[in-house]
Amino acid sequence: MKPTFTTAAIMAIALTGCATRESGIRDPERFRAIAERTELTSARAHDEVAACFRDTAALLPMSDFIDTAPNVVTYRLRGFGYTFEEIDFAAAPGNGARITVLMAPGVNARWRHDFARDRLAPLDACVAPAADQPR
């Protein structure tokens, strides 16, 4: 009877571990497929919004800005082989920018709070038109 109970307990623990959401995603393509996604738009040019964000956000070590496609700048926080957050700044048809915020689905409440304060709030300010531009 003991081996059966022990086996069942080990299986339950293993399944619980498998059911937890990942805080960082190892495969970049999988990250993009399962990340929580928020879309924003701006009247400002994509590179202007990206530069504003780079200058004003509290970025963590291992943060990087790369050109991922023509007219797309991507902020990426990837450390120790895991991606945690990304923001794509893409040129919108005509003028302006389309911004896509991606976050690993399993980051904890503290991470979300820090992200909202240190990166999302500055991003929101950067998305708004400059004071001399009409809305």
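Predicted model: local features only at pLDDT ≥ 70, side-chain atom pairs only at ≥ 80, totals over all residues.
Residues are numbered from 1 along each chain as its sequence is written, and side-chain values use heavy atoms, with hydrogens and water left out.

The protein contains four helices and five strands; these are DSSP runs, numbered from the N terminus, with helices being H or I of at least four residues and strands being E of at least two. Along the sequence, their order is α-α-β-α-β-β-β-β-α. Of the 135 residues, 33% count as buried, where buried means under 20% relative accessible area with a 1.4 Å probe, protein chains only.

I turn now to strand S3, residues 72-79. Six of its eight residues are buried, so by the cut-off just given this strand is mostly covered. What joins S3 to strand S2, residues 63-69? Six bridges do, and the two strands run antiparallel; strands count as paired if DSSP finds at least two bridges between them. Within this pairing, Asp67 stands opposite Val73 in S3. S2 and S3 form a hairpin with two residues between them, and Asn71 in the turn has a positive phi of about 65 degrees.

On to strand S4, residues 82-91, which pairs with S3 in the antiparallel sense over eight bridges. Here Val72 stands opposite Ala90 in S4. The hairpin of S3 and S4 also has two residues between the strands, and Phe80 takes a positive phi near 55 degrees.

Notes: Buried < 20%, exposed > 50% of the residue type's maximum accessible area, 1.4 Å probe, protein only.
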